[in-house]
Amino acid sequence: MRKLFTLSAATLLLAACGQTLPASEAPAVEPVVFAAASLNKILPEIEPAANYSFDGSSGLVDQIAGGAPADVFASADKKNMDRAVEEGLIDGEPKMFATNYLVLAVPKGNPAGVTGFDASLDGVKLVVCAEEVPCGAATKKVAEANGLALKPVSEETKVTDVLGKVASGEADAGLVYATDATSSKDVDVFEVPGAKDDPNTYWVAVVKGAKNPEAGRVFADKLAGEWGAQLQDFGFGPPR
């Protein structure tokens with residue numbers, strides 16, 4: 001408290017003299033970042049100096065279109081970023097910064113006896129993402145590629161909700177991103193045939209009309225650069 005009071009007093013004194021603090025001492029602007037739910041544990045570790053809102057990418061586009069204040073949008077697929085561009089919500093060109101792919105997660109010990117992304121999923125409590133969100137669109141794609149007709153008991157709007165239901169044992173199996181599964185000690189994982197060869201691509205861009213466009217631009221550029229490379233330490237793939 002003493003340090004904060006001293007700084008505030010100095011600020012007032014300089015203002016009274018018609019001066020301003022040097023840029024190095026001025027408080028940094030923290031951008032408001034709307035990011036895909038699958039980034040909810042990683043981004044705050046890489047850059048804690050930002051205000052985050054995590055949700056399914058399609059829901060984030062809805063929020064931005066509805067006037068929610070955001071400086072940066074980070075999508076877990078190109079489809080929702082393209083939608084944001086088409087609706088005039090993006091300033092500049094989006095940049096790809098990472099890739100991710102689906103795996104099949106089951107509760108630790110696999111109590112339902114699932115044998116993989118196969119017919120053993122029939123009759124078990126399967127949870128997936130809703131088709132309008134990136135992990136749901138990817139689920140539909142891999143199911144069709146593998147000739148499976150999935151019968152989920154629920155469809156979630158965030159991949160983190162799918163993981164939560166599997167980890168708690170509420171569901172017998174669920175399709176989540178590899179990065180989400182490896183972050184949990186409460187699930188076992190099966191590879192999904194073909195998923196790694198056709199991953200989701202992650203995109204970032206500055207939001208048009210952002211209150212802090214410069215801070216947003218710095219964040220987006222770093223995520224598409226050095227921070228994007230750091231994401232690979234958390235299991236994400238490189239841009240392609």
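This is a predicted model: local features need pLDDT of at least 70, side-chain atom pairs count only at pLDDT 80 or more; totals for chains, interfaces and linings use all residues.
An open sheet is formed by 5 strands, arranged in the order E2-E1-E3-E10-E4, with mixed pairing. The edge positions are taken by strand E2 (51-55) and strand E4 (90-100); each has a single partner strand, so one side of each is left without a neighbour in the sheet. From one strand to the next, the twist averages 20°. Within this sheet, strand E1 (residues 32-36) and strand E3 (residues 72-75) run parallel and are joined by 3 bridges. Ala35 stands opposite Ala74 of E3. Helix H3, which spans residues 57-65, packs on the sheet. The strands touched by H3 are E1, E2, E3 and strand E10 (200-207). The direction of H3 makes about 145° with that of E1.

Strand E6 (residues 126-129) pairs with two strands, E8 and E7. The pairing of E6 with strand E8 (residues 173-177) is parallel and comprises 2 bridges; here Leu126 stands opposite Ala173 of E8. Strand E7 (residues 154-156) also runs parallel to E6, and 3 bridges join these two strands. In this pairing, Val127 is placed opposite Ser154 of E7.

Asp188 is located in strand E9, which covers residues 187-191. The relative accessible area of Asp188 is 24%. Because buried means under 20% and exposed means over 50%, Asp188 is classed as partly exposed. Leaving aside residues up to four places away in sequence, Asp188 touches Leu104, Ala105, Val106, Pro107, Lys108, Gly109 and Asn110. With Gly109 there is a close approach of polar atoms: the backbone nitrogen of Gly109 lies 2.9 Å from a polar atom of the Asp188 side chain. This distance falls within the 3.5 Å limit applied to a pair of N or O atoms in a polar contact. Val166 is 22 residues from Asp188 along the chain, and the C-alpha atoms of the two residues are separated by 9.7 Å.

Conventions:
Residues are numbered from 1 along each chain as its sequence is written. Side-chain values use heavy atoms; hydrogens and water are left out. Helices (H or I, at least four residues) and strands (E, at least two) are DSSP runs, numbered from the N terminus. Buried means under 20% relative accessible area, exposed over 50%, partly exposed in between (1.4 Å probe, protein chains only). Contact means heavy atoms within 4.5 Å. A polar contact is a pair of N or O atoms within 3.5 Å; within protein, one must be able to donate a hydrogen and the other to accept it, and residues adjacent in sequence count only if both atoms are side-chain atoms. Two strands pair if DSSP finds at least two bridges between them. Axes are lines fitted to C-alpha atoms, for helices over the stretch in contact, and angles run from 0 to 180 degrees between N-to-C directions.
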